[in-house]
Amino acid sequence: MKKYLLILVATTLLIGSAKAQSHCGRLTLGTGLLYENGWDLTLAYEYETKYHNAWEFFANGYLKWDKCEVCNHICPESFWHNYKSYGFGVAYKPCVSRGRNHYGNVRLGASAGSDTHKFLGGIHIGYEHSYVLKGGWTLFGQVKSDLMIKGEDLFRTGLVIGVKLPLK
């Protein structure tokens with residue numbers, strides 16, 4: 001009888017302490033390269049809902065570099081002092097694939113921002129695949145395509161990698 005009672009108590013404690021990764025917030029930092037000669041940096045807060053679907057609220061910075069006219073190479077002057085833009089937006093990420101410690105989301109969103117001269121709007125579409133590590137940390141890779149309204153680049157597409165840190 002003691003054996004069954006001990007098993008019952010242990011099972012109850014394990015079930016009570018176990019939790020899925022649903023309904024949690026994460027701080028996300030991602031960076032990547034976009035075509036043509038673009039660098040992307042995104043800081044976001046992601047709130048996960050049921051079944052790994054998520055809402056993402058993000059701030060995004062974009063830098064487009066060019067070759068230097070004097071030396072015909074990419075130098076610090078031509079890298080940092082070319083076209084820049086920033087934006088703030090929201091994206092909905094429905095889950096389309098799930099596995100034991102990984103899942104994939106389609107990313108659909110919109111943003112508004114500026115290139116320091118005029119207003120920019122953006123429509124964002126992409127696919128993100130996340131790998132969950134011990135402690136709730138998550139590594140992700142993202143294929144993104146952005147349609148920028150009134151920007152120097154109409155289409156931006158590329159790869160982004162990053163990390164998601166759990167907020168508890």
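Modeller: A disulfide is taken to be a pair of cysteine sulfur atoms within 2.5 Å, and a search of the whole structure finds 0 of them. This is a predicted model, in which local features need pLDDT of at least 70, side-chain atom pairs count only at pLDDT 80 or more, and totals for chains, interfaces and linings use all residues. Residues are numbered from 1 along each chain as its sequence is written, and side-chain values use heavy atoms, with hydrogens and water left out.

Colleague: Is Cys75 buried or exposed?

Modeller: Buried means under 20% relative accessible area, exposed over 50%, and partly exposed in between (1.4 Å probe, protein chains only). Cys75 therefore counts as buried, because its relative accessibility is 18%, whereas Cys71, at 36%, counts as partly exposed.

Colleague: How confident is the predictor in the protein chain?

Modeller: Confidence in each residue is given by pLDDT, from 0 to 100. The protein chain has a mean pLDDT of 87, with 86% of its residues at 70 or more. Over residues 13-20, however, the pLDDT is below 50, and beyond near neighbours in sequence this stretch has 1 contact (heavy atoms within 4.5 Å) in the model.
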